[in-house]
Each structure stands twice: as C-alpha cells, then as structure tokens.
Amino acid sequence: MGSANLRTVSERYDAVVVGSGPNGLAAGIRLLQAGRSVLILEANAEPGGGARSAALTLPGFVHDVCSSVHPLGVASPYFQKLPLARYGLVWRHTRFAMAHPGEGQDAAVLSQDLDDTVASLGEDGARYRRHMAPLVAAWPSIKGDVLGPLGFPRRPVAMGRFGMVALRSAAGVARSWFRGEAARRFWAGLAAHGGPPLTWRGTSAAALVLGLCGHAEGWPVPEGGAGRLIAALLGHYRELGGQLRTQAVVRRLSDLPAHRVALLSVTPRQLAEMADPELPRRTRRALARRRFGPSVCKVDWALSGPIPWQAQACRETMTVHLGRSLDQILRSEARPFVTPGGPLAAPYVLLTQPTVGDPSRAPAGQHTAWAYCHVPWESDEDATEVIEAEIEQHAPGFSDLILARHTRTAPALAAYNPTYVGGDIAGGTASLWQMVVRPALTLDPYGTPLPHVFLCSSSTPPGPAVHGLCGLGAAERALAYLASQGA
C-alpha cells in the first residue's frame with residue numbers, strides 16, 4: 001500500500017504508529033491497553049524493523065538480520081509485564097553471557113555468577129568485584145531509572161554510584177580500575193557496543209549497563225530467531241485489537257490516515273523531512289544536525305560445525321568479543337571518526353553464535369554465526385576478509401567450516417532499514433551529549449514542535465537496543481496529550 005492509498009483509509013484512529021519494530025509495537029500495545037484505537041504502518045512487506053530473521057544463506061539456516069542477542073529485551077521492565085510467553089516467546093541462555101578471549105585458551109567471561117567473572121579476570125578479579133558487586137545488588141532498584149528518561153531518581157544514592165562510573169570514558173575506567181590486559185580489554189569490549197571512540201566521556205555507560213544485565217539477567221536469544229520476539233509482540237498487539245498495514249510507505253505526515261496522535265519510529269532527521277513544511281526552519285535545521293556514525297559491516301555465516309575456539313569459554317556462550325588489547329580496541333573504535341581512517345586492520349569484532357544456545361536455527365550438527373565491525377559512516381567498506389582473519393586467530397580452522405556467507409555493508413543496511421541512516425544502527429552517535437539530549441535539547445524527549453506528533457525511535461531515551469522502552473515512553477506522553485485534549 002503506497003502513501004497515496006493511505007489517505008483513502010476511511011477509519012479514524014486515536015493513534016497511528018509509523019514503524020513496526022519493538023518500539024513501534026510497544027507503543028501500540030500501551031495505547032491499546034489504555035483503550036485507544038491503533039493502526040501501525042510498516043513500509044516493508046513484513047513487520048519487525050531491526051528484529052527480523054531470514055534465511056540469508058542456505059535453506060534451513062535462520063539468521064537474525066540485525067539485532068540478535070537481547071540483554072535489554074529480557075531485562076525490559078515493560079516486556080516483563082507482557083504475556084509474551086503465551087505467544088511463543090522462549091528465551092534461550094548459555095552458561096556465559098559473553099566471552100572475550102586472550103591468548104591461547106584464556107578468556108574473560110561475563111556470567112550471571114559473579115564469581116565466574118571474577119575468577120576469569122585473574123589479578124583484577126577482586127577489583128572488579130569491589131566496583132561491580134554493589135551495583136549488581138542495586139540493579140533491580142535502579143533499573144527503571146537507568147532505562148528511563150532523565151528525571152529525579154527513586155534511588156539517588158545508588159544512581160549516584162552508577163552515574164559516577166557511567167559518565168567516565170571507557171578507556172579511563174579500564175586503566176584506573178585494572179592493571180592487567182584481560183580485564184582492560186574485557187571492559188573495552190563491552191563499551192564498544194556503543195560506537196563512539198572509547199576515550200570520550202560517557203562511553204563507560206554501555207559497558208556498565210551491559211555488564212549489569214549480564215550478571216543480573218543474562219544475554220539470551222529468542223528461540224527460533226529474533227523474529228519470534230516480534231511475532232509475540234504482534235500476537236499480543238492483535239489480540240488487543242490493534243491493526244497493522246505493511247508495505248505502507250509514509251513520506252509526509254500528510255500521508256497518514258485520520259488520527260488524533262501520531263507516533264513515529266524514525267530518526268530526528270527523518271522527522272524533519274516528514275514534517276516539512278509544518279516545522280519552523282530553525283527546528284528542521286536542529287533536527288537535521290543530529291550526528292550519525294559509526295556504521296557497521298555485518299557478515300552472516302552458515303557453518304558445517306561449531307566454531308573451533310581455542311578458549312573453552314568461547315564454546316559456552318553465544319556472544320564473543322574479539323579485541324587483542326585495550327589499545328587495539330581503542331584504535332579500532334576511533335578509526336571511523338578519523339579522516340582519513342587508514343586501512344581497516346585488526347578491528348574490534350562483535351560476534352554472535354546463536355546456535356550454541358538455540359540449535360533450532362540450523363540443521364542438526366550445523367551452526368549459524370554473524371559478526372560485525374564498525375566502519376566510517378556511509379562507508380561501503382567490505383570487512384569480510386579482516387573479520388574472518390580475526391576469528392581465525394582465535395579459532396584456527398574456522399574458514400574451513402563456512403558453507404555460505406552473506407555480507408551487508410553500511411549502504412546495504414541503510415537500504416534494508418531506512419532508520420539505519422548511512423548504516424548507523426544506533427539512531428545517532430552515542431556521545432554523552434547526544435545520549436543526554438536525545439533527540440534534542442528538551443524537557444520532553446518524546447515530543448516534537450507539533451503537539452500531536454511524538455517520536456518513539458531509538459533516538460529517544462533510553463536509546464538503542466531491543467527493549468520497547470522508547471515506544472512505551474512516547475505512548476505515555478501521547479496518552480497524556482489525549483487526556484489533556486479531552487479526547
């Protein structure tokens with residue numbers, strides 16, 4: 001259904017949501033829970049946004065197209081309240097949430113058993129426990145504040161302890177907390193999920209949140225693929241009475257069917273384009289200035305057997321971080337922001353092997369895996385060779401297992417999902433400034449200059465990841481607006 005046809009829809013809705021990823025579906029569900037009529041519009045032929053699964057390589061192999069392991073999905077306070085198991089959602093865990101190999105058989109691990117992590121960090125284990133154990137204990141009471149928009153915290157002392165670490169650079173924490181290379185690269189590998197150079201202030205936030213999730217709730221995958229989470233959310237959405245239209249392209253707000261409020265799972269730049277000319281010129285310029293990057297190059301593999309890691313711990317997890325030293329990870333994560341960035345060599349690699357915890361994704365005895373590294377924004381670099389070389393360093397014989405591969409460069413990712421502007425899967429650089437002011441400097445991060453239009457994408461708090469909380473926050477604001485209008 002094209003944008004022109006959308007205007008012919010005769011029914012009037014309380015809310016129209018653009019985008020059917022986790023945030024769009026979460027927003028739709030919350031609005032339906034409040035008794036509102038909701039229509040979700042999806043430009044693609046199937047729902048899911050960045051949480052789809054597909055047979056990218058060979059028949060019988062299920063690959064997650066983008067998001068795969070969901071620490072914040074299982075930790076999401078909102079998802080935990082929804083009856084998603086009733087619609088087939090099963091979380092699959094492995095012994096370790098993550099492993100970061102060193103030389104030979106050594107690897108640091110992130111585990112729900114804090115003692116496992118402490119033991120794997122050798123001389124720095126006691127230091128890690130001293131810093132992290134109080135935060136792990138406090139996580140259930142501060143999780144709502146950490147994963148919500150800025151406001152006065154309900155547990156100010158515990159949040160103060162969290163903030164003192166989160167506001168620091170990952171490089172600074174790694175060097176001040178730890179003496180050994182294993183713990184330093186372990187912390188940097190966690191922080192590198194965020195994207196910006198790890199010498200920037202605020203880059204420890206990603207390491208801290210992911211570490212706390214790993215200790216408290218694990219890093220699981222949905223059984224059968226990331227698309228099963230979408231299927232569960234969509235099942236609940238439809239049972240509540242929500243409607244969905246796919247292949248419904250929205251280029252302008254004027255394309256939307258009649259509605260009282262609109263919730264958009266798009267970037268601020270896309271909002272500016274969709275709302276033009278309704279927005280003041282100054283506002284359009286401010287939204288368009290949002291900084292993007294880095295992009296990613298992602299490779300998926302169908303494998304004839306499990307990856308032959310030298311470190312046993314890497315065989316007992318679904319997520320492996322590859323970075324040989326703190327300095328190497330720092331160079332790799334800074335490269336996308338340096339012009340020119342130099343040749344791509346020895347990058348930090350984030351790898352997931354879902355079939356270690358969920359064998360249903362491949363034929364018996366065979367496996368799937370994917371990995372990505374960061375590249376400059378909008379770069380068309382194909383990192384397949386260097387990624388596979390890094391894996392081979394820690395798992396000799398990996399290349400012999402490859403039955404098929406599928407590579408997506410940054411432009412291909414942007415074409416797959418228009419919200420991945422230039423191949424940036426995080427909705428904008430996760431700098432301290434852009435995380436604090438997502439999506440702009442405002443007391444209402446979900447609102448826009450148009451009072452009935454709200455943003456519900458990862459460009460709003462609490463930011464990128466599969467948790468639905470951006471959608472929930474926007475839905476709550478939309479409900480407050482409707483109540484204020486007596487609607």
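1. Let's start with Ser68, which counts as buried because its relative accessibility is 2%, under the 20% cut-off. Bear in mind that this is a predicted model. Ser68 sits in the loop between strand 4 (63–64) and helix 3 (71–75). Its side chain has a polar partner: the side chain of Asp64, at 2.6 Å. Setting aside neighbours within four places in sequence, Ser68 is in contact with Pro220, Val221, Pro222, Thr352, Pro354, Arg361 and Trp370.

2. Val221 belongs to strand 8 (residues 221–222). Buried or exposed? With a relative accessibility of 0%, Val221 counts as buried. Beyond residues up to four places away in sequence, Val221 touches Ser68, Val69, Val90, Trp91, Arg92, Met318, Asp358 and Arg361. If you want a distance to check, the C-alpha atoms of Val221 and Leu114 are 21 Å apart, with 107 residues separating the two along the chain.

3. Five strands make it up, in the order 9-2-1-10-16, and the pairing is parallel. Strand 9 (243–245) and strand 16 (453–455) are the edges, each pairing on one side only. On average, neighbouring strands here are turned by 20 degrees against each other, direction ignored.

4. Zooming in on one pair: strand 1 (residues 13–18) and strand 2 (residues 38–41) run parallel and share four bridges. Across this pair, Val18 stands opposite Leu41 of strand 2. Helix 2 (residues 22–33) packs on the sheet, where it touches strand 1, strand 2 and strand 10 (259–264). The direction of helix 2 makes about 170 degrees with that of strand 2.

5. Next, an antiparallel pair. Strand 6 (residues 98–101) and strand 7 are joined by four bridges and run antiparallel, with Ala99 standing opposite Val109 of strand 7. These two strands form a hairpin with five residues between them, and Gly104 in that hairpin has a positive phi near 60 degrees. Which residues cover the faces of strand 7 (residues 107–110) by being buried? Ala107 and Val109 are buried on one side, Ala108 and Leu110 on the other, and both faces of the strand are covered.

6. For helix packing, have a look at helix 9 (residues 181–191) and helix 10 (residues 204–216). Their axes come within 7 Å and cross at roughly 95 degrees. That angle lies between 65 and 115 degrees, so helix 9 and helix 10 count as roughly perpendicular to each other. From helix 9, Trp187, Leu190 and Ala191 meet Ser204, Ala206, Ala207, Leu208, Leu210 and Gly211 of helix 10.

7. Finally, the nonpolar cores. The largest has 97 residues, and those with the most contacts inside it are Leu31, Phe79, Phe162, Trp187, Leu208, Trp219 and Leu263. Helix 18 (residues 469–484) supplies the largest share of this core, eight residues. Another core, of 29 residues, lies apart from the largest one and has Val109, Val299, Trp309 and Leu351 among its members.

Terms used:
Residues numbered from 1 in each chain as written. Predicted model: local features only at pLDDT ≥ 70, side-chain atom pairs only at ≥ 80, totals over all residues. Heavy atoms only, no water. Buried < 20%, exposed > 50% of the residue type's maximum accessible area, 1.4 Å probe, protein only. Polar contact = N/O pair within 3.5 Å; in protein donor to acceptor, adjacent residues only side chain to side chain. Contact = heavy atoms within 4.5 Å. Core = buried A, V, L, I, M, F, W, Y, C linked by side-chain atoms within 4.5 Å. Pairing = 2+ DSSP bridges. Axes fitted to C-alpha atoms, helices over the stretch in contact; angles between N-to-C directions. Parallel < 35°, antiparallel > 145°, perpendicular 65-115°, else oblique.
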